[in-house]
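The sequence and structure are shown first.

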Amino acid sequence: MASMETAAEHERILREIESTDTNCIGPTLRSVYDGQEHGLFMEKLDVRIRNHDREIEKMCNHHFQGFVDSITELLKVRGEAQNQVTETNRRLQDDGKVLITSMEELKQCRVQQRNIATTIDKLSHCLPVLEMYSRLQEQMRAKRYYPALRTLEQLEHTCLPRAGQYRFCSIMAENIPKLRTQIRDTAMTQLRDFLESIRKHSDKIGETAIKQAQLQRSLDSSVATQPRALFGRRGRKEAVAATGTGTDSDGQGGSPVSEQDSGILDVEDEEEDDEVPGAHDLVDFSPVYRCLHIYTVLGLRDVFENYYRKQRRKQARLVLQPHSNMHETLEGYRRYFNQIVGFFVVEDHVLHTTQGLVNRAYVEELWELALSKIVAALRTHSSYCDDPDLVLDLKNLIVLFADTLQGYGFPVSQLFDMLLEMREQYGEILLKKWNITFRQVLDQDNYSPIPVSTEQEYRHYTSQFPLQDPELDKLPFPKKLPFSEFVPKVYCQLKEFIYACLKYSEDLHLSSTEVDDMIRKSTNLLLTRTLSHCLQYAIKKKNVGLAELVQVIINTTHLEQSCHFLEEFISNITNVPPDTVNATKLYGTSTFKDARHAAEAEIYTSLNAKIDQFLQLADYDWLAAVQGGGTLTASDYLIDLIAFLKSTFSVFTNLPGKVAQTACMSACKHISTSLMQLLLDPEVRQISMGALHQLNTDVKECESECPRLVFHLLELFTQWDWSTYLADYGKPTCKYLRVNPHTALALLEKMKEMSRKNNVFAQFRKTDRDRQKLIDTVIKQLRNLIAQHHT
């Protein structure tokens, strides 16, 4: 059964092979190979092939004669056709040679056209590269590095990729990094040259900026300092270039402003009129802008910013370091300020014309550093200065320096605070100067009333000193002013001092009240310290006579009376009423009053010293006997002393009554005290009644010039009126009220000692014995009196 199915299957496959296209026979054959009866199928296939061969052979034998006839006819036709083809081919070959020649020519022409088109296309891409590179070389030779960098960028990113892979393109591509490095290094070199140039010329830049500020202030002093002026032509061009908008279509206009590499321009080229050239007109900032743009394009902006700031910080430290001898001249300070102003003018301009190269925080940090160093340097160097004119000029220079920088937006309050500190130093220097001036005036004065012989002379002195004396005005010429030259000179010097203080207070942005207070305090120091010490010096110095001291008192009296005129003078120049609340008052009245009191005391001291000189000539014989007859005459020294006192008291007529009276009282008291000291001198142990009579005569002689002095004591002894003294002692109506019992007891002891020495002779004279007993009795009574009053 299986064999029958296999045979049927093989039969089906054979029919399928006979009837199916050869392209689809693959699956059929696969089924055969997949089966197990492959050999059987092959046998069946061979049988079928043999059957078909027999059929084909039968068919061929049946149609053979017709086939032979057809072949014979075909051979004939072939011969004829071959001849025709050969002839046609010959003719075609003949005609084709011309055509082939033309075709070859056409082909060659087409190749040439294609090559030309290709060449033109390649050249259209290469020529811009060559032109760009040529332009790059020209820009490099002309030192126009920023346009060269832009050309280099365009060449690298646009032209070379289009040109293709050529050797010259490879060479150019290899040179591009080198050219970038060359441009970067050259730009940095120009920047270094620029930084070095502005470092050397910063004083010139600062000087110009300060002149502008000074001109602005002089044009309108009532208006606050204006912000810095608009940039000049160059500054505006630089600002446009800094924003990157000033470019041309061909890439040649991208360089900021000019390609000149000098940091400082020629002023003559910029000055087209008579105006002061702007500080920015003196500086060509193109190296900064160029280098900034180049480093920005190269992607190194941060590197450039750090380098620029670092270098400027170093320059700032150099600028802020003053010369060791800066304090010697004003020019040294001016050069120092000019350099600082020049530095910060440059930084301010860079701040406002570049985008982020320096920022406000960086500039403010630099200014804070500079301000602390400036203040420290000025404090140090100004402390060496002892010339008030130089200090005043320095103050004006600092004010101008501060106003200039304030116009650029820098805070300068610390500078004005320092100027107020310098005000104290300036005041001390003024006091030293006026101390010398006052001493010269006092040394040169003749201490005599000023004689005036004409109205012109009189007006001259009254214009210098506010003398108001109607009685003196009525007197005819010639006449004398009550004071000496010292008074108007001192008064004028006081006004000059006030003017000097006012000059320093100008432009310090102080109110009128503050200026008035400062001037008054300084004037008080001048009066209470300097002038007071000078007056004390004039009064205390050696060889000053009583006449000079009297004139000093008169002078200080008039100066004291002029103090309210000084008050008015200060109020007039400061426009502050003298009755303003909390206004400082001048201490001139007390100063001159103290000087006058010192002169008065010196008069008393000097007068007493002169009296002592006369008293040193006193030569009393304390053991002299009582003269029996005739009158005693005053001692020679006392006569000379009285003559001296008369002449001296005549000089005192120009003094105030109280002063003259006090001087007379002081002299008399001193004479009384000195004579009393003569009596009570411990070295004088014995005193005779004759000596007391002589001393009593001298006392009576000077009674007309002095009070009663020791008259009561001597009268008590010479009159021997002890009963009255002892009875009335302690009563207000006592005749001998001024006699001290201790003094009387001491004098009695000396008389007792005298009696004891003469005791040998006293026993033969009853009167002497009685006097001795009387002395002993009085001594006992005085001791009892003293004891009673002591208890």
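In this predicted model, a polar contact of 2.9 Å joins the side chains of Thr-574 and Asp-516. A polar contact is a pair of N or O atoms within 3.5 Å; within protein, one atom must be able to donate a hydrogen and the other to accept it, and residues adjacent in sequence count only if both atoms are side-chain atoms. The side chain of Thr-574 also reaches the backbone oxygen of Ile-570, at 2.7 Å. Thr-574 belongs to helix H19, residues 563-574; helices (H or I, at least four residues) and strands (E, at least two) are DSSP runs numbered from the N terminus. With neighbours within four places in sequence left aside, Thr-574 is in contact with Ser-512, Val-515, Asp-516 and Ile-519, where contact means heavy atoms within 4.5 Å. Thr-574 counts as buried because its relative accessibility is 4%; buried means under 20% relative accessible area, exposed over 50%, and partly exposed in between, with a 1.4 Å probe and protein chains only. Between Thr-574 and Leu-502 the C-alpha to C-alpha distance is 8.3 Å, although 72 residues separate them in sequence.

Two sentences on conventions apply to everything here. Residues are numbered from 1 along each chain as its sequence is written, and side-chain values use heavy atoms, with hydrogens and water left out. As the model is predicted, local features need pLDDT of at least 70 and side-chain atom pairs count only at pLDDT 80 or more, while totals for chains, interfaces and linings use all residues.

**The chain as a whole**

The chain has 28 helices and 2 strands. Of its 791 residues, 42% count as buried. Among contacts between residues at least 6 apart in sequence, 78% join residues at least 24 apart. The accessible surface comes to about 44200 Å², and 51% of that surface belongs to carbon and sulfur atoms; the areas come from the Shrake-Rupley method with a 1.4 Å probe, and for residues only the protein chains shown count as cover.

**The nonpolar core**

Which residues have the most contacts inside the largest nonpolar core? They are Ile-374 and Leu-748, in a core of 189 residues. The largest share of this core, 14 residues, comes from helix H5, residues 167-219. At least three residues are drawn from each of domain 2 (173-218 + 278-410) and domain 3 (710-790), with bounds taken from an automatic or database domain assignment. A nonpolar core is here a set of buried Ala, Val, Leu, Ile, Met, Phe, Trp, Tyr and Cys residues joined through side-chain atoms within 4.5 Å. Apart from neighbours within four places in sequence, Leu-748 is in contact with Phe-717, Trp-720, Trp-722, Ile-775, Val-778, Ile-779 and Leu-782.

**Helix H8**

Helix H8 covers residues 286-297, and its 12 residues should span 16 Å at 1.5 Å a residue, in agreement with the 16 Å between its end C-alpha atoms. The expected span is 1.5 Å times one less than the number of residues. Because 10 of the 12 residues of H8 are buried, the helix is largely enclosed by the rest of the structure. Among the buried residues are Pro-287, Arg-290, Cys-291 and His-293. Gly-299 follows H8 and has a positive phi, near 75 degrees.

**Polar residues in other helices**

Asn-338 lies in helix H10, residues 330-353. Beyond neighbours within four places in sequence, Asn-338 is in contact with Ser-202, Asp-203, Gly-206, Glu-207 and Ile-210. Arg-48 is found in helix H3, residues 38-141, and, with the same exclusion of neighbours within four places, is in contact with Glu-11, Leu-14 and Glu-18. Ser-31 is placed in helix H2, residues 26-34; the C-alpha atoms of Ser-31 and Ile-13 are separated by 8.9 Å and lie 18 residues apart along the chain.

| Residue | Relative accessible area | Class |
|---|---|---|
| Asn-338 | 7% | buried |
| Arg-48 | 18% | buried |
| Ser-31 | 35% | partly exposed |

**Backbone features in loops**

Phe-477 and Pro-478 are joined by a cis peptide bond, with omega about -5 degrees. Pro-478 is in the loop between helix H15 (470-474) and strand E2 (479-481).

Is Tyr-447 buried or exposed? Tyr-447 is buried, with a relative accessible area of 11%. This residue, other than glycine, has a positive phi near 55 degrees, and Tyr-447 is found in the loop between helix H13 (413-444) and strand E1 (450-452). His-509, also a residue other than glycine, has a positive phi near 60 degrees. His-509 lies in the loop between helix H16 (486-505) and helix H17 (512-540) and counts as exposed at 57% relative accessibility.
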